[in-house]
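User: I would like to learn how to read a structure like this one. Can you take me through it feature by feature?

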Amino acid sequence: MEIRGTVRGGVVVLEDGVVLQEGTLVTVKWVEARIHVSENPRPVTLPLFDSAAPGTIDLTDERIAEIFEEEDLEYIRRMGMDHG
């Protein structure tokens, strides 16, 4: 059986919400990443957060990526708990 996934925060996250039983023996094969560019780009909604001093936070591309990753991991954790 082959199940695709992506490494996020040092953890392999399987596609399509697949969850394997704890202790399942797996083999991981690294596949060179390919960038997909949509033919129909759409606007991106950036995360909003409260700040005591607006405009003072250094919101770099890297920090935005971290915020999105944190939100993705939280969603995956919630989904795992709902389906576990």
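This is a predicted model: local features need pLDDT of at least 70, side-chain atom pairs count only at pLDDT 80 or more; totals for chains, interfaces and linings use all residues.

User: Which helices and strands does the protein chain have?

Analyst: Helices (H or I, at least four residues) and strands (E, at least two) are DSSP runs, numbered from the N terminus. Here the protein chain has one helix and two strands. Along the sequence the pattern is β-β-α.

User: In which sense do E1 and E2 pair?

Analyst: Two strands pair if DSSP finds at least two bridges between them. Strand E1 (residues 5-8) and E2 pair in the antiparallel sense, over four bridges. Arg8 has Val11 in E2 as its bridge partner. The two strands form a hairpin with two residues between them. Gly9 sits in that turn, with a positive phi of about 65 degrees.

User: How many salt bridges are in the whole structure?

Analyst: Side chains of opposite charge can pair when their charged atoms come close. The cut-off is a side-chain nitrogen of Lys or Arg within 4 Å of a carboxyl oxygen of Asp or Glu. A search of the whole structure finds five.

User: What does the pair of Glu15 and Arg4 tie together?

Analyst: Glu15 and Arg4 form a salt bridge, with the closest N and O atoms 3.7 Å apart. Glu15 lies in the loop between E2 and H1, and Arg4 in the segment before E1, so the pair ties together parts that are eleven residues apart in sequence.

User: Where do Arg8 and Asp72 lie?

Analyst: Arg8 forms a salt bridge with Asp72, and the closest N and O atoms are 3.8 Å apart. This pair links distant parts of the chain: Arg8 is in strand E1, Asp72 is in helix H1, and they are 64 residues apart.

User: Which residues are linked in a network of salt bridges?

Analyst: Arg63, Glu66 and Glu70 are. Within it, the side chains of Arg63 and Glu70 meet at 3.5 Å, N to O.

User: How much of the protein chain do buried residues make up?

Analyst: Buried means under 20% relative accessible area, exposed over 50%, and partly exposed in between (1.4 Å probe, protein chains only). Buried residues make up 6% of the 84 residues. Arg8 is partly exposed at 28%. Asp72 is partly exposed at 35%. Glu70 is partly exposed at 45%.

User: Which residues make the nonpolar surface patch?

Analyst: Patches are made of residues with over 30% relative accessible area and no salt bridge; like charges are joined within 9 Å, nonpolar side chains (Val, Leu, Ile, Met, Phe, Trp, Tyr) within 5 Å. Areas come from the Shrake-Rupley method with a 1.4 Å probe; for residues, only the protein chains shown count as cover. Val7, Val12, Val18, Leu20, Val26 and Val28 make a patch of about 500 Å². Leu20 lies in the loop between strand E2 (11-14) and helix H1 (61-83). Leu20 is partly exposed at 37%.

User: What lines the largest pocket?

Analyst: On a 1 Å grid over the protein atoms alone, a pocket is an open set of points where a 1.4 Å probe fits, with protein on both sides within 12 Å along at least five of seven lines; lining residues have an atom within 4 Å of a point. The largest pocket is lined by 41 residues. Gly5, Thr6, Val12, Val13 and Leu14 lie nearest its centre. H1 gives the most to the lining, with eight residues.

Conventions:
Residues are numbered from 1 along each chain as its sequence is written. Side-chain values use heavy atoms; hydrogens and water are left out.
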